[in-house]
Amino acid sequence: MTPAEILAAARARGLRIATAESCTGGMVAAALTDIPGSSDVFERGFVTYSNLAKEQMIAVRPETLAAHGAVSEEVAREMAEGALAHSATDLAVSITGIAGPGGSEFKPEGRVCFGLAGTGRPTTTETVEFGALGRDRVRLAARDHALALLAQALASAPLV
């Protein structure tokens with residue numbers, strides 16, 4: 001689904017969307033808001049690049065960050081659930097990862113964790129290893145994957 005199709009699907013289902021982004025710095029929000037009329041579906045985006053921003057803006061727990069690190073499914077879960085709780089939305093997607101350059105033995109460049117939270121549905125998380133594609137390509141791949149997660153969630157949501 002294109003961003004326009006995602007917005008149309010959300011509109012048809014009466015759902016509003018929020019994003020919580022770290023390594024993509026708002027790219028998912030930008031893709032959605034590039035479409036005229038998106039404001040009836042896209043409610044807000046949180047760019048939480050630092051750990052402090054994650055804690056202050058969307059209530060990621062310091063204990064979770066300390067135990068698992070920012071690039072983890074546990075943090076992606078709390079980011080998605082926090083975006084949902086701190087907005088007037090029905091669906092939230094989150095992204096946290098290592099776009100590069102760099103990384104470590106334990107968290108390599110190209111590792112990105114995603115969360116998807118929605119009203120009345122269990123929160124899901126996943127990790128994708130995009131590999132050392134370079135910063136720009138990792139960020140684009142993460143944006144596209146998050147859009148695909150929204151599309152999948154909307155495809156299974158009932159029409160209103």
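**Helix packing and salt bridges**

User: Which way do H1 and H6 lie relative to each other?

Analyst: H1 and H6 are roughly parallel to each other, a label for angles under 35 degrees, with over 145 counting as roughly antiparallel, 65 to 115 as roughly perpendicular and the rest as oblique. This is a predicted model, in which local features need pLDDT of at least 70 and side-chain atom pairs count only at pLDDT 80 or more, while totals for chains, interfaces and linings use all residues. Residues are numbered from 1 along each chain as its sequence is written, and side-chain values use heavy atoms, leaving out hydrogens and water.

User: OK, and at what angle do the axes of H1 and H6 cross?

Analyst: The axes of helix H1 (residues 3–13) and helix H6 (residues 135–155) cross at roughly 30 degrees and come within 10 Å. Helices here are DSSP runs of H or I with at least four residues, strands are runs of E with at least two, and both are numbered from the N terminus. An axis is a line fitted to C-alpha atoms, for helices over the stretch in contact, and angles run from 0 to 180 degrees between N-to-C directions.

User: Which residues in H1 meet H6?

Analyst: On the H1 side they are Pro3, Ile6, Ala9, Ala10 and Arg13, and they meet Leu147, Leu150, Ala151, Leu154 and Ala155 in H6, where contact means heavy atoms within 4.5 Å. The residues of this contact divide into nine nonpolar, no polar and one charged.

User: Is Ala9 buried or exposed?

Analyst: Ala9, in helix H1, counts as buried at 9% relative accessibility; buried means under 20% relative accessible area, exposed over 50% and partly exposed in between, with a 1.4 Å probe and protein chains only. Leaving aside residues up to four places away in sequence, Ala9 touches Met1 and Leu154.

User: And what about Arg13?

Analyst: Arg13 also lies in helix H1, and it is buried, with a relative accessible area of 15%. The C-alpha atoms of Arg13 and Leu159 are separated by 4.4 Å, although the two residues are 146 residues apart along the chain.

User: Switching topic, how many salt bridges are there?

Analyst: The count comes to six salt bridges, each being a side-chain nitrogen of Lys or Arg within 4 Å of a carboxyl oxygen of Asp or Glu. One of them joins Asp40 to Arg11, with the closest N and O atoms 2.7 Å apart. This pair links distant parts of the chain, since Asp40 sits in the loop between helix H2 (27–33) and strand S2 (42–47) and Arg11 in helix H1, 29 residues apart. Asp40 is partly exposed at a relative accessible area of 40%, and Arg11 counts as partly exposed at 37%.

User: What does Glu78 form a salt bridge with?

Analyst: Its partner is Arg61, and the closest N and O atoms of Glu78 and Arg61 are 3.2 Å apart. Glu78 lies in helix H5 (residues 73–85) and Arg61 in the loop between helix H3 (51–58) and helix H4 (62–68), so the pair ties together parts that are 17 residues apart in sequence. Glu78 counts as buried at 13% relative accessibility, whereas Arg61 is partly exposed at 46%.

User: Where do Arg77 and Glu81 sit?

Analyst: Arg77 and Glu81 are four residues apart in helix H5, which means that about one helical turn separates them. Their side chains meet in a salt bridge, 4.0 Å from N to O. Arg77 is partly exposed at 31%, and Glu81 also counts as partly exposed, at 35% relative accessibility.

Technical notes: Nonpolar A, V, L, I, M, F, W, Y, C, P; charged D, E, K, R; others polar.
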